[in-house]
Amino acid sequence: SSDCKVDLSFLMDGSWSIGKRRFQLQKQFLSNVAQALGIGSAGPLMGIVQYGDDPSTEFNLKTYANSKDVRNAIEKIPQKGGLSNAGKALSFVNKNFFSDANGNRGGAPNVVVVIVDGWPTDRVEEASRLARESGINIFFVTIEAATESEKQNIIEPNFVDKAVCRTNGFYSINVPSWFSLHKVVQPLVKRVCDTDRLVCSKTCLNSADIGFVIDGSSSVGTSNFRTVLQFVANISREFEISDTDTRIGAVQYTYEQRLEFGFDEYSTKQDVLSAIKRISYWSGGTSTGAAISYASEQLFSKSKPNKRKIMILITDGRSYDDVRVPAMAAHQNGVIAYSVGVAWAAQDELEAIATDPDKEHSFFVDEFDNLYRFVNQLIQNICTEFNSQPRN
C-alpha cells in the first residue's frame with residue numbers, strides 16, 4: 001500500500017541443501033509477502049536475488065509494478081543450486097541492486113530481506129556491516145537450524161546477531177519449520193513497512209562521524225554553555241555509538257580552537273556522554289570560520305571513508321572572521337554541515353555554513369532554552385538525508 005514506500009530486495013536461498021519441496025515453500029512465502037505488501041509504484045517495490053554459489057538478480061525494483069506480475073514472476077523462478085553463500089549475495093546487493101538504473105527511488109528506505117535455510121556457507125558479518133553503512137536495512141528470516149551434518153561447516157556462530165542492527169530482535173525472525181513460514185508473513189510485512197523506524201533506525205543505519213563545533217565565546221555564559229552541552233548530548237544519545245556505527249567528536253572555539261575529543265577516542269555511548277559533560281567553558285571571542293577549518297583538519301580529515309561526515313555547528317553570534325570560504329572547503333570535502341544559531345547569530349552566516357538546501361540544514365532559536373526543540377528535527381533530517389544520498 002502507498003503508506004509503505006520502501007525499496008525491497010529479497011535474497012532467496014537457492015542452495016541444493018534446501019531441496020525441491022522447501023524451495024517451493026519459499027516461493028509460496030515470497031508470493032504471499034508480495035500479495036500482503038500490495039506492490040505499486042507509489043508504495044512498496046520489490047526485486048529478488050537468488051543465491052547459491054553466486055548470486056544473480058531474478059528481477060529488479062522496476063521490473064514489475066503490481067503484486068500480480070510479481071507473483072507470476074516468482075512462480076517461474078527455477079532453483080539455482082550450489083552452496084548457501086549469503087555473504088557474497090549481500091555484497092552483490094550492496095554494490096548492484098539499489099542503483100537508479102534498477103529503479104531505486106532515493107527517498108524510499110532500502111531494505112534487504114535475507115532468507116536462510118539452516119546456515120550460510122560463507123561469512124555474512126562483514127558484508128552486512130558494509131551494506132548497513134551504505135544505509136541498507138537488513139532483515140534475516142532464518143528457517144530451522146543447522147542439521148548435525150551441517151554443524152561442522154559452520155563458519156560464523158550467531159551469524160544473525162552479527163549481521164543485523166542490535167535492536168532487540170526487530171531485524172531478525174527465526175522460524176522453526178518451513179511449514180510455519182506462512183505465520184511470519186504479516187509480522188515481516190509490518191516491520192519492513194515501519195518506515196519511520198527504517199528511515200531513522202537509530203542504529204547502524206546512521207553510520208556517521210558526527211563532529212560538534214561548539215561556540216565557547218563570552219556572550220554564551222556558563223549556564224547557557226551547559227544547555228548547549230545538553231543539546232549535544234541529546235543528539236548523540238540517539239545514535240548507536242561504536243567503532244563500526246556512529247562516532248562522535250567535538251571542538252570548542254573562541255578566537256582559538258580546542259579539540260575536546262576526536263572520533264576514535266570513545267567507542268561507547270556512556271563514554272561519549274561523560275566526555276561531553278566534562279567539556280569546560282572557555283570564554284573568549286568568536287572566530288567561526290577558523291573553527292570550521294580547524295574541525296575539517298582535526299576531525300573530518302581523520303574520518304573513515306565509508307562513513308558520512310556530519311558537522312553540527314552551534315553559535316550565538318556573528319563571526320569575527322569569514323565563514324564562507326572555510327564552509328565551502330568543508331562542503332567540497334564531503335562534510336554535511338548543519339548550523340544551529342542562537343540569539344545574535346547571523347542568518348546569512350548560518351546559511352553560508354549549512355549544506356544546501358539551507359532550510360533543511362540551518363536552524364535558529366531566539367534563546368538557548370529552546371534548543372531542545374530542534375533535537376528531533378535535526379535527527380530526522382540527518383536520517384532522511386542518509387537514505388536519499390546516492391550510493392557512493
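**View A. The disulfide of Cys 4 and Cys 193.** The torsion about the S-S bond of Cys 4 and Cys 193 comes out at about -75 degrees, so this disulfide is left-handed. Cys 4 sits in the segment before strand 1 (7-13) and Cys 193 in the loop between helix 7 and helix 8 (195-199), so the pair ties together parts that are 189 residues apart in sequence. The two sulfur atoms are 2.1 Å apart, and the structure holds 1 disulfide (a pair of cysteine sulfur atoms within 2.5 Å). Helices (H or I, at least four residues) and strands (E, at least two) are DSSP runs, numbered from the N terminus. A word on the model: it's predicted, so local features need pLDDT of at least 70 and side-chain atom pairs count only at pLDDT 80 or more, while totals for chains, interfaces and linings use all residues. Residues are numbered from 1 along each chain as its sequence is written, and side-chain values use heavy atoms, with hydrogens and water left out.

**View B. The two domains.** The protein chain splits into domain 1 (7-197) and domain 2 (208-387), with bounds from an automatic or database domain assignment. Taken over C-alpha atoms, the centres of domain 1 and domain 2 are 38 Å apart.

**View C. Helix 1 against helix 7.** Here the axes of helix 1 (residues 19-37) and helix 7 (residues 185-192) come within 10 Å and cross at roughly 50 degrees. Axes are lines fitted to C-alpha atoms, for helices over the stretch in contact, and angles run from 0 to 180 degrees between N-to-C directions. Helix 1 and helix 7 are therefore oblique to each other (under 35 degrees counts as roughly parallel, over 145 as roughly antiparallel, 65 to 115 as roughly perpendicular and the rest as oblique). The crossing is right-handed, as the term goes when the near helix is turned clockwise from the far one by less than a right angle; anticlockwise is left-handed. On the helix 1 side look for Phe 29, Asn 32, Val 33, Ala 36 and Leu 37, which meet Val 185, Gln 186, Leu 188, Val 189 and Val 192 in helix 7 (contact means heavy atoms within 4.5 Å). By class, that's 8 nonpolar, 2 polar and no charged residues. Ala, Val, Leu, Ile, Met, Phe, Trp, Tyr, Cys and Pro count as nonpolar, Asp, Glu, Lys and Arg as charged, and the others, Gly among them, as polar.

**View D. Helix 1 against helix 2.** Helix 1 also packs with helix 2 (residues 67-75), at an angle of about 175 degrees and with the axes 9 Å apart. The two are therefore roughly antiparallel. Among the residues of helix 1 in this contact are Gln 24, Lys 27 and Leu 30, and helix 2 brings residues including Arg 71 and Glu 75. The contact has 4 nonpolar, 5 polar and 3 charged residues.

**View E. Helix 11 against helix 12.** Helix 11 and helix 12 (residues 324-332) pack at about 25 degrees, their axes 8 Å apart. That makes helix 11 roughly parallel to helix 12. This crossing is left-handed. Gly 289, Ile 292, Ser 293 and Ser 296 in helix 11 meet Pro 326, Ala 327 and Ala 330 in helix 12.

**View F. Two backbone spots in loops.** A cis peptide bond joins Asp 356 and Pro 357, with omega about -10 degrees. Pro 357 lies in the loop between helix 13 (347-353) and helix 14 (358-361). Ser 283 has a phi near 75 degrees, a positive value in a residue other than glycine.
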